[in-house]
Amino acid sequence: MPFKPPPRDLSNVRCVKRTKDKNGEEKIELQVLFDPEDPKWDLNEEIITDLKEIFLMFDTDQDGVLTIEQVHQAMRVMGHRRSEEDVLNQVKEVSDDSKNNSLEFNEFLKMVALDIKSDPAKNKNELLDAFRHFDKDEDGKLSVEELREVMISMGEGPLLEKEFNSFIKCFNADSDGLLDYEGFCSKVCQN
């Protein structure tokens with residue numbers, strides 16, 4: 001595979017903390033480097049945790065940066081149906097990378113926060129509609145396999161099992177193992 005240069009100067013990406021666990025495996029921790037509770041952003045810990053899972057699902061090289069294509073895929077997975085031009089404009093609003101229009105984790109959080117604040121009810125309804133399409137018994141819950149169908153239909157590329165299992169943790173499951181997508185939508189798209 002030919003060498004592909006990183007989408008931006010990674011020396012400026014300070015949100016990634018790399019450590020090793022007791023087995024010597026490298027662990028990646030994404031750090032929030034701004035005040036997420038500031039009224040401009042209005043993000044709580046629960047939303048940040050969910051957005052972190054989504055970010056990591058698309059940050060396949062684990063450098064703390066998403067390309068514009070990965071941002072577009074992440075927005076689709078969150079139910080935000082936007083044109084490439086709209087996503088590019090949102091990225092430009094918060095990104096320090098004007099050359100490649102990539103987003104590091106903190107910029108991603110800010111972009112989503114601004115998007116949620118622009119019209120939270122619209123974003124929540126878009127996401128609910130995406131999930132409802134696969135909710136055959138219309139109970140606000142999906143099986144793991146139904147969620148997998150949602151993810152495959154909304155994403156642009158293959159869905160890695162590790163990424164999918166990580167994303168499932170964002171959902172509350174009932175005693176039957178069904179995932180509560182309505183609760184997830186309420187968390188991610190707070191009104």
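Two residues are in contact here when they have heavy atoms within 4.5 Å of each other. With that in mind, lysine 40 is in contact with Leu114 and Lys117, leaving aside its neighbours within four places in sequence. Welcome to this structure, which is a predicted model. The chain has 191 residues, and 47% of them are buried. Eight helices and six strands make up its list of elements.

**The chain as a whole**

- Reading from the N terminus, the elements come in the order β-β-α-β-α-α-β-α-α-β-α-α-β-α.

**Helices H1 and H2**

- Helix H1 covers residues 45–58 and helix H2 covers residues 68–77; their axes come within 10 Å and cross at roughly 135 degrees.
- The two helices, H1 and H2, are therefore oblique to each other.
- Where H1 passes H2, the crossing is right-handed.
- On the H1 side the contact is made by Ile54, Met57 and Phe58, and on the H2 side by Gln70, Gln73, Ala74 and Val77.
- Sorted by class, this contact of H1 with H2 holds five nonpolar residues, two polar ones and no charged ones.
- H2 is mostly covered, with nine of its ten residues buried.
- Those buried residues of H2 are Ile68, Gln70, Val71, His72, Gln73, Ala74, Met75, Arg76 and Val77.
- After H2 comes glycine 79, which has a positive phi, near 85 degrees.

**Helices H3 and H4**

- Helix H3 (residues 84–94) packs with helix H4 (residues 105–118) at an angle of about 120 degrees, and their axes are 9 Å apart.
- H3 and H4 are therefore oblique to each other.
- The crossing of H3 with H4 is right-handed.
- H3 brings Gln90, Val91, Glu93 and Val94 to the contact, where they meet Glu107, Lys110, Met111, Leu114 and Asp115 of H4.
- By class, the contact of H3 with H4 has four nonpolar residues, one polar residue and four charged residues.

- Aspartate 129 lies in helix H5, which spans residues 120–132.
- With 48% relative accessibility, aspartate 129 counts as partly exposed.
- Aspartate 129 is 50 residues from glycine 79 in sequence, and their C-alpha atoms are 8.0 Å apart in space.
- Lysine 124 is also found in H5.
- Lysine 124 is buried, as its relative accessible area is 18%, and buried means under 20%.
- From lysine 124 to histidine 80 the separation is 44 residues in sequence and 8.7 Å in space, C-alpha to C-alpha.

**The loop between S2 and H1**

- Lysine 40 sits in the loop between strand S2 (26–30) and H1.
- A relative accessible area of 49% makes lysine 40 partly exposed.
- Aspartate 42 is found in the loop between S2 and H1.
- The phi of aspartate 42 is near 55 degrees, which is positive in a residue other than glycine.
- At 39% relative accessibility, aspartate 42 counts as partly exposed.

**The loop between H1 and S3**

- Glutamine 62 has its place in the loop between H1 and strand S3 (65–66).
- The phi of glutamine 62 is near 55 degrees, a positive value for a residue that is not glycine.
- Glutamine 62 counts as partly exposed, at 31% relative accessibility.

Methods
Residues are numbered from 1 along each chain as its sequence is written. This is a predicted model: local features need pLDDT of at least 70, side-chain atom pairs count only at pLDDT 80 or more; totals for chains, interfaces and linings use all residues. Side-chain values use heavy atoms; hydrogens and water are left out. Axes are lines fitted to C-alpha atoms, for helices over the stretch in contact, and angles run from 0 to 180 degrees between N-to-C directions. Helices (H or I, at least four residues) and strands (E, at least two) are DSSP runs, numbered from the N terminus. Angles under 35 degrees count as roughly parallel, over 145 as roughly antiparallel, 65 to 115 as roughly perpendicular and the rest as oblique. A crossing is left-handed if the near helix is turned anticlockwise from the far one by less than a right angle, and right-handed if clockwise. Ala, Val, Leu, Ile, Met, Phe, Trp, Tyr, Cys and Pro count as nonpolar, Asp, Glu, Lys and Arg as charged, and the others, Gly among them, as polar. Buried means under 20% relative accessible area, exposed over 50%, partly exposed in between (1.4 Å probe, protein chains only).
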